[in-house]
Amino acid sequence: MTRWGSLVLALALHLASARAAGAEPAPAAEASAAPPGAPAAAPQEARVRQIRFEGTHALTPAEIEPVLFTRARPAWKLWAERPPLDPTALDSDMQRIVAFYREHGYYEARSSYTLEWNESHDQARVEIRVEEGPPVALESWGADLSELPGEEGEWRRILLERLPLRDGTTFGLESYTKSRQMLLDGLADHGFPDATLSGGADVDLATHQAVVWWRVHPGAMVRFGPVRIEGLDGRSETLVRGELTVQPGAPYSQRE
């Protein structure tokens, strides 16, 4: 089985960009359906008449549109001027679409566009075609909690059961990074604010499966120390202390 590398957080963020490992550069716009004799490039005053999507199934156009720089005028806003058409931004939008699909588990998605011009060649309909490709499924996941003190089974209940990772579901960078942060936050809520994780995710595009495995390094347990209150300007410190829930000597909790 050929693995495509560990998606630890730094690499996960790197993958989310269009230049991530395995990403293809966004294809240039295909030949536009322009009238005979029309200029090859969009004139400076060109406007976006409409944006249409083809091939979107796993994600809807309504989900994709917010990540694009290229926008069309809302159908109800008839009095507003149509947005300008920027070919450079449109090329970059193709990369943003690919990156957005990767976040949702479609690592082989491709995107391209064509332009259909009106007769005066000052407005264009942007036709965006997406080839989603197959999704990557989470084959298995887990974490080594052996460095934590106490009963490992109890830590699994506290830290792992609440994570959104589920075997057999589509595995995207969004769910990976969210789960990783939730695990670190859980550790910080139980006395380990300096905890780190090693390991990460392996994505196999040949089988369209992923495996996630972390090892938890909790570091030293931290406890709350004395609480000092400043800036009361004569107001009652007792009143403020009565509202506090943290207790000196208790295990540190980020949530508390």
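**Figure 1. Arg 228 and Glu 230 meet in a salt bridge.** The N-to-O distance between the two side chains comes to 3.0 Å. For a salt bridge, we ask for a side-chain nitrogen of Lys or Arg within 4 Å of a carboxyl oxygen of Asp or Glu. Both Arg 228 and Glu 230 are exposed (exposed is over 50% relative accessible area, buried is under 20%, and partly exposed is in between, with a 1.4 Å probe and protein chains only). A heads-up before going on: this is a predicted model, where local features need pLDDT of at least 70 and side-chain atom pairs count only at pLDDT 80 or more, while totals for chains, interfaces and linings use all residues. Residues are numbered from 1 along each chain as its sequence is written, and side-chain values use heavy atoms, with hydrogens and water left out.

Figure 2. Elsewhere, salt bridges with shared partners link Asp 144, Glu 147 and Arg 215 into one network. Helices and strands in these legends are DSSP runs numbered from the N terminus (helices are H or I with at least four residues, strands are E with at least two).

**Figure 3. Arg 47 reaches Glu 81 through a salt bridge.** The closest N and O atoms are 3.2 Å apart. Arg 47 belongs to strand S1, while Glu 81 is in the loop between helix H2 (61–64) and helix H3 (87–103), so this pair ties together parts that are 34 residues apart in sequence. Which of the two is exposed and which partly exposed? Glu 81 counts as exposed, at 61% relative accessibility, whereas Arg 47 is partly exposed at 23%. Arg 47 also stands opposite Gln 123 in S3. In total, the structure holds 12 salt bridges.

**Figure 4. Three strands make an open, mixed sheet in the order S1-S3-S2.** The edge strands are S1 and S2, each pairing on one side only. Neighbouring strands are turned by 20° against each other on average, direction ignored. S1 (residues 47–54) runs parallel to S3 (residues 123–131), with 7 bridges in the pairing; two strands pair if DSSP finds at least two bridges between them. In this pairing, Arg 52 stands opposite Glu 127.

**Figure 5. S2 and S3 form a hairpin.** S2 (residues 110–117) is antiparallel to S3, over 8 bridges. Glu 116 stands opposite Arg 125 in S3. There are 5 residues between the strands, and His 121 in the turn has a positive phi of about 60°.

**Figure 6. Helix H3 lies across S1, S2 and S3.** H3 runs at about 145° to S2 (axes are lines fitted to C-alpha atoms, for helices over the stretch in contact, and angles run from 0 to 180 degrees between N-to-C directions). Contact means heavy atoms within 4.5 Å. Zooming out, the chain has 6 helices and 6 strands, and buried residues make up 38% of its 256 residues. Among contacts between residues at least 6 apart in sequence, 68% join residues at least 24 apart.
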